[in-house]
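Let's walk through this structure together, one piece at a time. Keep the picture open while you read.

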Amino acid sequence: MANLKDIQRQIKSVSNTQKTTRAMKLVSTAKLRRAEELARRSRLYSDKLNQVIAEIAGRLKCNTVGGIDSRYFEEVDNAHTVDIIFVTADKGLCGGFNIQTIKAVKKLLKEYKDKDVKVRLSGIGKKGVEFFKYNETELFESVIDLSSKPDKKRSDEFIKTSIEDFNDGKVDAVHIIYNGFKNMMTQELHVNRILPVDTEKFDCEASEAQSMLEIEAQDEEKMLNSLVTKYVEYNMYYALIDSVAAEHSARMQAMDTATNNAKDMVKSLNVEFNKARQAAITTELIEIISGVESMK
Amino acid sequence: MDTFKLEIITPNGEIFNDKALSVTLPGEEGEFGVLAHHSSVSTLLEAGVVDIEKEDKTIESVLINWGVVQVDETKVVVLVEGAVAIRGESESAIATALEEAKTLVKSIEDAGQAIASVSAKLENAAQRLI
């Protein structure tokens, strides 16, 4: 049986860990609330932006022969280069949060590799970037301090190359992979193709209703292109803020589990400590009694 | 005079959502004003200043760096990317807003767009408030 001192030391260490994990959980809860609020406010913008794009794209798609004449909306059958952008956290200790994203990235990488498509992998977030560096997968672009502090300007700069290269025909599709916030308990993995924009979702009837809307014909396409750029930039930014919210919720959960585990451990260590103490007392008593017996 | 509902939405939330008497917007082909019962139109906005005439006839200015506006008879929705509203309870709050606005102007200028008149307009807006 383990030494009394050893057990005592272990109990102390586990309770200290428990204090840390509990504090981390509280910090994450506070940060989650802020991140969630930001994501919620931002959703309003995305709703409106989607609405405007759907309206104009819908009108173009349904009223023009041959659909929309823009690379942003054109499906490419034989893609030769694609961009994959992933977002992970800068810090660990958040359960399977980062590894889920990494797994999804690896899966998509393999899919494209099997099809003989060249992939340019770009990453935001220290954990993911480090993982691919360690595995000697080449990263086209990487930023490591953006995912904990989402910033619209830096996010725009990051996605700019992809948009430009897509426009020049160097890249045929752009995907974003990130783990997003669903609710306090669950995160949802998003694998989104942001370019080319999916035209399926634009429905003619919805745009018919808006036929009162007046836009000058030559403006329509210019407006749409300008909007799509903003749409892609915004999607990138939203991936960042959604990812932060998800990261905090994942960490909160992981730390809660850790705190509970530490509690259980302290409990079983206490039992062990009591047993060891009782054993020591019994041994001492036997020694005294046998000493007395021998003196008789 | 009739009013209409005006919403100005940025990626970080709404900065204006109230009734307005009129609004002047920096359109791609020049400034244009919108009153209630305007016909439906959608257009792009350039970097510039949006002047809102509120219900109490005071004017509020919002600096924007890009935007798109959707006008219909009862409602105007302006989607902008970066925006700073020149307003505040105290002089110092207005000064801070003006300072923020100037940073935004600088970032727009760095992007290569000429907006010489904007700075002067901002100063005027701030003067009006103080």
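Start with B:S40, which sits in the loop between β3 (30-35) and β4 (41-45) of chain B. Now look for B:E7: B:S40 and B:E7 are 33 residues apart in sequence, and their C-alpha atoms are 15 Å apart in space.

A quick word on what you're looking at: this is a predicted model, where local features need pLDDT of at least 70, side-chain atom pairs count only at pLDDT 80 or more, and totals for chains, interfaces and linings use all residues. Residues are numbered from 1 along each chain as its sequence is written, while chains are lettered from A and ligands numbered from 1 in the order in which they are written.

Stay with chain B and find its strands. β2 (residues 13-27) and β5 (residues 48-54) of chain B run antiparallel and are joined by four bridges; strands count as paired if DSSP finds at least two bridges between them. Across from B:D51 in β5(B) you'll find B:T24. On to the next pairing: six bridges link β5(B) with β6 (residues 59-64) of chain B, again in the antiparallel sense. Here B:E53 has B:I59 in β6(B) as its bridge partner. β5(B) and β6(B) make a hairpin with four residues between them, and B:K57 in that turn has a positive phi of about 70°.

How far can you trust chain B? Its mean pLDDT (the predictor's confidence in each residue, from 0 to 100) is 82, and 92% of its residues reach 70 or more. Confidence in chain B is highest in β1 (residues 4-10), at 91, and lowest in helix α2 (residues 116-129), at a mean of 73. The model scores ipTM 0.77 and pTM 0.83.

Next, zoom out to chain A, with its six helices and five strands. Why call chain A spread out? Its radius of gyration is 29 Å, well over the 19 Å that the globule rule gives for 296 residues, so chain A is more spread out than a compact globule. That radius is taken over C-alpha atoms, and the rule is 2.2 Å times the number of residues to the power 0.38. The C-alpha atoms of chain A fill a box of roughly 115 × 40 × 30 Å along the principal axes. An automatic or database assignment divides chain A into domain 1 (4-23 + 257-295) and domain 2 (26-253), and their C-alpha centres lie 54 Å apart.

Finally, where do the chains meet? 19 residues of chain A are in contact with 17 residues of chain B, meaning that their C-beta atoms, placed from the backbone, lie within 7 Å. On the chain A side, α1 (4-63) and α6 (217-295) each supply at least two residues.

Technical notes: Two residues are in contact if their C-beta atoms, placed from the backbone, lie within 7 Å.
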